[in-house]
Amino acid sequence: MTDWHSIPLDSLFKELNTSKHGLTQETARSRLAKYGENKLKQAKKISPITIFINQFKNFLVLLLVLAIAISIAIGHFIDAAVIGVIILVNAILGFIQEYKAERAMEALKKLSAPKAKVTRDGEFRTIPATQLVPGDIILLEQGDRIPADARLIEAINLRIDEASLTGESIPIMKDIAVIKKAKLAIGDKKNCVFMNTIVTYGRGTAMVTQTGMQSEVGHIAKLLQTTETQPTPLQNKLKDVAKTLGIAILIICGAMFAVGLLRGVDIFEMFITAIALAVAAVPEGLPAVVTITLAIGLNRMAKSKAIVRRLPVVETLGAATVICSDKTGTLTKNEMTVKEIYTNKKTYTVLGSGYEPKGEILDGKKEAKIDKNLDMLLKASILCTTANLYQDKGWKISGDPTEGALVVAAAKANLIKNKLVKEYKSLAELPFDSKRKRMSIVYATPTNKKVAYVKGAPEIILGKCVSIFEDGKVRKLSELDKKRILTKNQNMASRALRILAIAYRVMPNVKKYSIENTEKDLVFVGLEGMIDPPRMEAKKAISLCSKAGIKVIMITGDHELTARAIGKELGIVGKAVDGAELDRLKAKGLLGIVEKTAIFARVSPEHKVMIVEALKNKGHIVAMTGDGVNDAPALKKADIGVAMGIKGTDVAKEASDMILEDDNFATIVSAVREGRGIFDDIRKFILYLLSCNVGEIMAIFGASLIGLPIPLLAVQILWMNLLTDGLPALALGVEPPGDHIMERPPRDPKEHTINKQMWTNIGLVGTVMCIGVLSLFFLADPSKNLPYARTMAFSSIVMFQLFNVFNTRSDGSVFKTNFFSNKYLLLAVISSLLLQFFVVYVPFMQPLFGTVGLAAMDWVKIVGVSASIILVVEVWKLVSKLRNPQSVNTAIHSS
């Protein structure tokens with residue numbers, strides 16, 4: 001293995017045939033073909049053949065296979081063939097469902113796969129981390145998960161958490177110096193970074209040396225990139241429900257078999273009927289159907305820019321009672337533009353919007369003269385940034401949007417950062433962090449001075465200042481000056497401006513630049529106020545949350561006045577609390593006010609954790625947004641951690657349950673709506689499946705108890721299961737969310753998946769179905785014409801179930817539902833109906849299924865009786881609503 005740490009950088013560039021400008025796209029493509037994708041070998045996936053074979057491993061299916069063998073042995077070849085075909089079709093349908101679910105979940109994993117920031121063709125771009133190749137130049141920033149093994153070519157206060165590789169709990173400080181010693185432990189390679197470790201502080205640039213299985217992680221065979229998908233709590237609950245119901249159904253089928261024998265029914269006929277009924281009625285497929293419904297719903301959410309990383313969050317989304325949202329970029333557009341500058345007791349207006357460097361700087365109504373103070377402010381502000389302005393089909397910013405706004409404002413005064421940094425040599429950088437609320441960069445100036453340029457929160461910077469730059473000179477900062485500056489700061493904040501203070505310090509000679517020896521005795525230069533306009537779609541989403549019983553809380557690091565002004569525009573109005581007050585209140589005091597508070601300003605990531613804990617202690621289900629490294633604890637603590645896809649760090653994304661690709665608050669609300677819809681669809685499927693299954697069992701067992709012949713043959717039961725539990729049931733899984741889904745309170749997370757109202761519905765539908773089917777069977781006089789009576793019972797139970805699917809899909813009255821909103825369901829019902837006609841009327845199918853042709857009047861009776869299920873359930877819903885006026889949908893969800 002090559003000792004990359006011991007090779008001088010010039011030699012390394014030659015060896016990997018690359019440069020600081022990165023590879024060309026063409027070279028990268030050829031290297032990708034040579035080295036393969038940058039990913040670790042994954043656990044072997046389940047093959048399609050295995051999925052298909054698994055369809056036959058069910059105990060009840062194996063009993064049916066035994067029944068086929070017995071049928072052949074006693075000469076019932078037609079029965080054996082029909083049952084065999086139905087088992088095969090069932091297996092094919094089961095295979096298609098499971099295979100699609102597997103594919104859908106794989107697609108969702110790819111959507112949340114890690115990205116890498118890389119320089120290709122001399123331009124910065126973001127690509128999937130799997131596409132990295134040796135020789136690529138990657139950019140590393142705080143919060144990034146390092147995508148490949150690489151040698152550092154730039155390191156600015158760069159610290160890496162290598163605990164996943166070395167077990168070392170303290171982040172390692174990195175540099176670019178060549179280490180001549182050949183064989184070194186990973187922890188001693190200070191000029192190298194390794195795949196899957198995390199940038200905890202600073203930034204850097206590195207040259208990729210090893211990818212995929214050739215990386216250090218690959219060599220020690222740690223599968224860190226993927227984790228096995230675990231069943232969700234809902235799937236586990238339904239597995240238990242299916243198991244319990246399965247045992248009960250098997251007992252009933254056993255009892256029915258015994259009753260049949262006592263009545264002298266043919267033993268083989270009773271055995272095969274009992275097994276067929278058990279196969280049709282046991283809901284062993286419930287957990288699998290939940291997976292399919294979840295996969296379909298999650299793909300729908302992904303198209304709406306919400307990537308769900310953990311399946312259980314879908315269940316939680318519908319129960320969310322509070323959304324705690326960051327302001328910048330989530331509730332606002334994240335299009336920072338400097339609008340106002342304050343320096344030398346003067347206020348300047350900056351024209352223009354967006355990142356295009358067009359627009360004048362006005363002093364009153366006339367164009368401002370760029371005097372020493374304004375020049376110093378603009379220079380200091382852009383020298384204290386890491387963002388850059390560039391053109392690529394329009395003007396764009398690489399880096400932080402707030403810093404980008406400062407670069408653009410200076411460019412409007414013809415101060416171009418790219419030109420300026422050629423004259424100023426960067427010596428050190430003290431990156432921004434949420435505790436200090438400031439950052440500094442030290443330069444060697446053209447006049448051979450060493451100057452630290454500092455920017456940050458006005459009250460923090462002002463507290464570090466001892467002097468002020470005024471009229472082109474430095475003088476002592478007085479208390480009156482501080483009062484005047486803070487008054488101006490409040491005035492700007494009250495107009496929803498985000499404000500940064502700019503300062504500098506001429507540095508003495510020091511060996512190493514640190515926070516302690518750099519960020520003190522500063523010279524105050526001025527303020528820059530920028531606007532980040534609210535998202536109009538966020539305003540609508542907040543209004544929708546109010547209707548849905550969800551409280552929205554704004555959490556921001558900005559000034560309280562700025563937060564209030566933005567909140568007022570968006571409709572977030574109420575008590576505002578700042579970070580200083582949170583520190584005084586502590587966790588106990590916060591409990592008393594957290595439910596009354598709408599805005600938390602000047603907060604730190606630690607405060608976010610306090611807020612989440614307080615809300616959870618009050619019984620709320622909390623969604624919390626975050627983007628930084630320090631937000632990870634709050635995201636993990638929240639019931640639903642939501643990371644930003646654009647500005648979010650890798651650490652925040654990995655701590656989250658959901659990622660917003662567009663960083664938009666409205667997307668969270670859309671995800672809540674989809675989450676409620678998915679949970680409703682799962683409940684609809686359960687309700688439909690169980691009510692139909694109970695109806696089948698009651699009808700067949702009821703016939704045995706009252707002395708009637710068995711109303712359905714085994715092949716008819718299996719066929720009915722194929723028709724009604726197949727396409728119509730699955731179509732319920734793609735039912736779009738109801739129009740009023742966001743006009744009801746959140747679901748109680750303690751409520752059972754199958755609640756009391758659903759069990760009542762199941763019992764009611766089963767009873768009506770049993771009475772209707774047995775009535776038609778009895779009136780058809782089975783003692784005289786058993787095949788005709790069975791065809792009537794067979795067709796009526798199919799029709800009952802097809803009518804019942806419309807009952808189940810309706811959130812309220814079936815007569816108020818948009819009949820055409822779920823085209824898949826209509827198609828499924830029509831297909832099932834045509835297939836039923838096929839086995840009733842096609843001559844060669846009649847002996848196979850024991851059917852005879854029915855007259856038109858027979859169908860009038862069948863439709864009339866089976867349609868009664870609609871009216872009975874409608875009356876039940878109406879009575880339930882009168883008893884409980886708060887109820888919105890007594891069958892599907894609880895109020």
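Okay, housekeeping. Residues count from 1 along each chain as its sequence is written, and side-chain values use heavy atoms, with hydrogens and water left out. As it's a prediction, local features need pLDDT of at least 70, side-chain atom pairs count only at pLDDT 80 or more, and totals for chains, interfaces and linings use all residues.

So, how many cavities of 30 Å³ or more does a search of the whole structure find? Four. By cavity I mean a set of points, on a 1 Å grid over the protein atoms alone, where a 1.4 Å probe fits but cannot get out; lining residues have an atom within 4 Å of a point. Points join across faces, edges and corners, and volume is the space filled by probe spheres set on them.

The largest cavity comes to about 90 Å³. Its lining has 13 residues, with Trp4, Lys189, Cys192, Phe194 and Glu216 nearest the centre. Strands β4 (149-161), β6 (192-193) and β7 (198-210) each put in at least two. Strands here are DSSP E runs of at least two residues, helices H or I runs of at least four, numbered from the N terminus.

Which element gives the most to its lining? That's β19, with three residues. β10 (337-343), α16 (479-493) and β22 (522-531) are also in there with at least two each. Among the lining residues are Tyr342, Phe469, Arg484 and Phe524.

Notes
On a 1 Å grid over the protein atoms alone, a cavity is a set of points where a 1.4 Å probe fits but cannot get out, and a pocket is an open set with protein on both sides within 12 Å along at least five of seven lines; lining residues have an atom within 4 Å of a point.
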